[in-house]
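Hello,

Here is the structure I promised to pass on to you. Have a look at it first, and then read on for what turned up.

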Amino acid sequence: MTDTDTTKPAPDTAAAEAEERRRHREEARLIRTREAAARKNTASKDGQWAAGDRTPLNPNEEMKAAGDPLEVRGRIESMYSKWGFWSIPPGDLRGRFRWWGLYTQRRQGIDGGKTAILEPHELDDEFFMLRVRSDGGQLSVAQARTIGTISEEMARDTADVSDRQNIQLHWIRIEDVPEIFRRVEEVGLMCAEACGDVPRVILGSPVAGVAEDELIDPTPQIRDIMDRYIGSPEFSNLPRKFKTAFTGQPIPDILHEVQDIAFCAVEHPELGVGYDLWVGGGLSVNPMLGHRLGVFVKPEIAHEVWKGVVSIFRDHGYRRLRTRARLKFVLKAWGPEKFLQVLQDDYLGYELPKGPAPKLAQRGDRGDHVGIHRQKDGKYYVGVAPVAGRVSGAKLNAIADIAEAAGSDRIRLTPLQKILVLDVPEDKVNDVVNGLRALELESDPGEFHRNVIACTGIEYCKLAIVETKATAREVVKILDEKFPTLDNPITVHVNGCPNSCARVQIADIGFKGQLVLDEETGDQVPGFQVHLGGRLGRGDDNDFGRKIRAHKVTEKGMPEYVERVTTNYLADRTSADETFADWAFRAEEELIK
């Protein structure tokens, strides 16, 4: 039944649903009991396989130890898709399904105040969010059209560009999943390991192979890792998720400082072009910047180095507590010197040569690739900005049509929720720009339109507390009218919960969703903690955003807050060259409240 059904269930249906609810409650109680026992009895253990500790110390590890989660696909196709949503046991539904890109969707109408109160089964709707992998953000016209058609036919025309360079669909029925898998795989895409404790979709420079200043096209290295390791049982049971990024740009455009592993193009004075290696970055509730190991990786061994780093995470990662089960905590405990030594001695069997660092971003280096840009082959690429990544199946099909009409077969998604059409002949540029503009996809957007990012939010996500996409759209609508000639970019990132899928700590203005006190009514309402002045790409000057003690902003008051802080910045900055991030760190508190 849906929330809008008014008919009463038949007696046998009602009894079955009651029994299902009882079963879910009992399972939740047992999970809590096991978690408490794990904390009590294994306080000195971290669950590191390399230490000989293979005993599963929490329910997630128990679930993975029972069998390779990738095997759930067989049950999806042979049982659940035929028997329906209520045939799916919790271990598959909220665990193993993630290994095939599926998350249960938030039941409509549940407010953010109940997110942390209700049991998982009370938050679940009978529909799924589905992620389709597009590693490097690369889509052909046929692939974009396939996702668009799936969206229109089986996902209520939903489609969002995520900041992991892939497409998320919503309202997916379990009955349709086998057909969706068949269609995406038929055009060379897949959903395998789009979620779960695995190597997630690989970020890549969206202008790989076409940028005029590119040092190397990393596509072969991304494809090498995909072909060798993605979907392999060797890495289908990591302590938690693992995020990879590659760029061939001289100034990295893949937010390398916040990835588990990143390969940034550099030119070695003796060894030629290769990659500088970074490891151990990540955000969420314990943000940490990645460490540069200072070594040079030749392109032909990139997959070996990647395998070594992932293997360290698999073997030495902390599996007891999910809150510490990321590579960044291994780096924090070991330091980069020990990490490199273990990588070379225990996993590679050879030393990596020292190498140069990538170039730092300079004023004016956007890195989002929005606009009209000349390629190295004389053609052009056109980058456009959907508001907070929100598109639709119909728009994806229209984008595919526009690209095809211009003679292009290459569409790219970016880590900043943007879309590019590559390989546009000069005489077709205006056609592409105007065609995309008709879809509200601007190649010359206002600054707030261009620089807003938002996660899924309470609309569909079970972890969320506040709305994000609609709130971001409201910020864009109001602020671009207020500041039509803003001369410095101000990035606004909106996240529905503390997990930072929208990277709030590295935005000029980052909003982290939570319940806050409305000073006028005294009630708890949806709102945000504010982070100001986050910055990457500046070497030793990288920093996470400044938090203002005890200062919160309500969801309704968020656009007015951005307007007020932007006005204060423009009035108080020392010159037009002072960035918002620099100003935010030196400004008096009354100017940023």
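The buried residues of helix α10 pack against β9 (272-279), β10 (291-297), α9 (302-316) and α11 (336-348). Please keep in mind that this is a predicted model. Helix α10 covers residues 327-334, and because 6 of its 8 residues are buried, the helix is largely enclosed by the rest of the structure. If you want to click through the buried ones, they are Leu 327, Lys 328, Phe 329, Val 330, Leu 331 and Trp 334. Lys 328 is on that list too, so do include its side chain in your view.

Next, the strands around β7. Strand β7 (residues 244-247) is covered on both faces. Thr 244 and Phe 246 are buried on one side, while Ala 245 and Thr 247 are buried on the other.

Which strands does β7 pair with? One is β6 (residues 203-204), in the parallel sense and over 2 bridges; there, Gly 204 has Phe 246 as its bridge partner. Another is β8 (residues 261-268), again parallel, over 4 bridges, and here Thr 247 stands opposite Cys 264. Together with helix α8 (residues 219-229), β6 and β7 form a β-α-β unit that is left-handed.

Thr 468 is buried, with a relative accessible area of 0%. Setting aside neighbours within four places in sequence, Thr 468 touches Ala 454, Cys 455, Thr 456, Gly 457, Val 494, Asn 495 and Gly 496. A polar atom of the Thr 468 side chain lies 3.3 Å from the backbone oxygen of Thr 456. The C-alpha atoms of Thr 468 and Gly 513 are 8.6 Å apart, although 45 residues separate the two along the chain.

Cys 497, for one, is in no disulfide, and the nearest cysteine sulfur, that of Cys 461, is 6.0 Å away. Cys 501 is in no disulfide either, its nearest cysteine sulfur being that of Cys 497, at 6.0 Å. Cys 497 is buried at 7% relative accessible area, whereas Cys 501, at 45%, counts as partly exposed.

Last, helix α16 (residues 558-572). Its 15 residues reach 21 Å from the first C-alpha to the last, close to the 21 Å expected at 1.5 Å a residue. Buried in α16 are Met 558, Pro 559, Tyr 561, Val 562, Val 565, Thr 566, Asn 568 and Tyr 569. As background, an α-helix has 3.6 residues a turn, so residues three or four places apart point the same way.

Enjoy exploring!

Methods:
Residues numbered from 1 in each chain as written. Predicted model: local features only at pLDDT ≥ 70, side-chain atom pairs only at ≥ 80, totals over all residues. Heavy atoms only, no water. Expected span 1.5 Å × (residues − 1). Buried < 20%, exposed > 50% of the residue type's maximum accessible area, 1.4 Å probe, protein only. Pairing = 2+ DSSP bridges. Right-handed = clockwise from strand over helix to strand, strands pointing away. Contact = heavy atoms within 4.5 Å. Polar contact = N/O pair within 3.5 Å; in protein donor to acceptor, adjacent residues only side chain to side chain. Disulfide = S-S within 2.5 Å.
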